[in-house]
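I opened this entry to record what I looked up on strand order, helix packing and nonpolar cores. The structure is shown first, and my notes follow.

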Amino acid sequence: SGQLYQRATTEASQATLASVSPVFAVMKLDKEGNTTFFEKKKTELYQELGLQARDLRFQHLMSIATRNNRIIMRMEFLKAVITPEFLLILDYRNLNLEHWLFNELASQLAGEGQLVTYSLPFEFRAIEAILQYRISKLQGRLNTLQPQILETLEALVDPKLLSVDRSKLHILLQNGKSLSELETDLKVFKETILEILDEEELIEELCLSKWSDPQVFEESTSGIDHAEEMELLLENYYRQAEDLANEARELRVLIDDSESIIFINLDSHRNVMMRLNLQLTMGTFSLSLFGLIGVAFGMNLESSLEEDPRIFWLVTGIMFLGSGLIWRRLLSFLGRHLDPPLPPHVPAVLKKSQPAAGRVELKNNLKAETFGLSRSTLTNQ
């Protein structure tokens, strides 16, 4: 009874694990581009393919691995298993993949639009289709970001603006974040491809038909080296990713340079406002200094000056004249200490010693002719 109870418990636990096992919506494409759809549990799928459970695990980073004459390609929204006879797309029900899966992938796997004159094995076409899709997605993200960043920078770097639009800065911050994510994805893509290119054994393992199809093996040994073809294929997409990375890097440098220009413009406007404030302060100080005369006369002190009507205009004129003189002296002092120094004077001799390229060439020709004439004269003498 104890053994029966233990067996029943084990079967119940296995049934429970089987019920919670994830079910994959699988899209299968063969060499002719024919498509079939079915659903299968993860446990059944990796057992049929001869893989392990971790090979079908979801992950956001890109990876290309081989196991048991199978190629497992995992990307952000795509997980594929490639065999010499068919391609499996797992969990294909994604809005970002439907157009590519149903309209483009089948024709690419059937060999339409290939640049080579001879037919490549099926795994070559599958790898090329997936890598081309990934590069096109990265290119699309860059094409979307580039005009937005350029338009925002053009609006921010305008020297006529005395202040910076915060909404534009917010847009630039979001675009900069998206650009950083794009640079990270490109870096992961390049590192994944480069890791395979650095190992000759990994390139050989990607050529599945070379080890399973005798005809392909004979072609590889006779003239067409499929390992070299695979290496050229991967190098092509590595070069495309490198070009995209360079464009993204140029955008990043442009953003950094534009930020420096924005800070310089803001500092320039801030300096103008500070200088204006300082000038007004000096004017107020000079006017208040000579305003003490009026304060002194405004005191209820008896003197003979208040009886003369011309004294008011005389004192007022002295106040304004003295205030103006002091203000001008303060402004000249401010100009001497705040204005940038003049560039050093270049002597005329140095200017003449730097002729244009044409003049240098003409001088050399003249020197050569003069030297030739002097030699001929010496010879005649």
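In what order do the six strands of the open sheet stand? I worked on a predicted model, and I read the order as β2-β1-β6-β5-β4-β3, with antiparallel pairing. I then looked at the edges: β2 (35-41) and β3 (63-66) each have a single partner strand, so one side of each lacks a neighbour in the sheet. I noted an average twist of 20° from one strand to the next.

Strands β4 (residues 71-74) and β5 (residues 79-82) run antiparallel and are joined by four bridges. I found V81 of β5 as the bridge partner of I72.

I turned to the helices lying across the strands. Helix α2 (residues 42-49) lies across β1 (23-30), β2, β5 and β6 (86-90), and runs at about 115° to β2. Helix α3 (residues 98-109) lies across β1, β2 and β6, and its angle to β1 is about 45°.

Finally, I looked up the nonpolar cores. The largest has 60 residues, and L87, I89 and L131 have the most contacts inside it. Helix α4 (residues 122-156) supplies the largest share of this core, 15 residues. I place the core between domain 1 (20-97) and domain 2 (114-295), because both give residues to it. Around I89, I listed contacts beyond four places in sequence; among them are A25, V26, M27, L29, L101 and L105.

Notes
Residues are numbered from 1 along each chain as its sequence is written. This is a predicted model: local features need pLDDT of at least 70, side-chain atom pairs count only at pLDDT 80 or more; totals for chains, interfaces and linings use all residues. Side-chain values use heavy atoms; hydrogens and water are left out. A nonpolar core is a set of buried Ala, Val, Leu, Ile, Met, Phe, Trp, Tyr and Cys residues joined through side-chain atoms within 4.5 Å. Buried means under 20% relative accessible area, exposed over 50%, partly exposed in between (1.4 Å probe, protein chains only). Helices (H or I, at least four residues) and strands (E, at least two) are DSSP runs, numbered from the N terminus. Domain bounds come from an automatic or database domain assignment. Contact means heavy atoms within 4.5 Å. Two strands pair if DSSP finds at least two bridges between them. Axes are lines fitted to C-alpha atoms, for helices over the stretch in contact, and angles run from 0 to 180 degrees between N-to-C directions.
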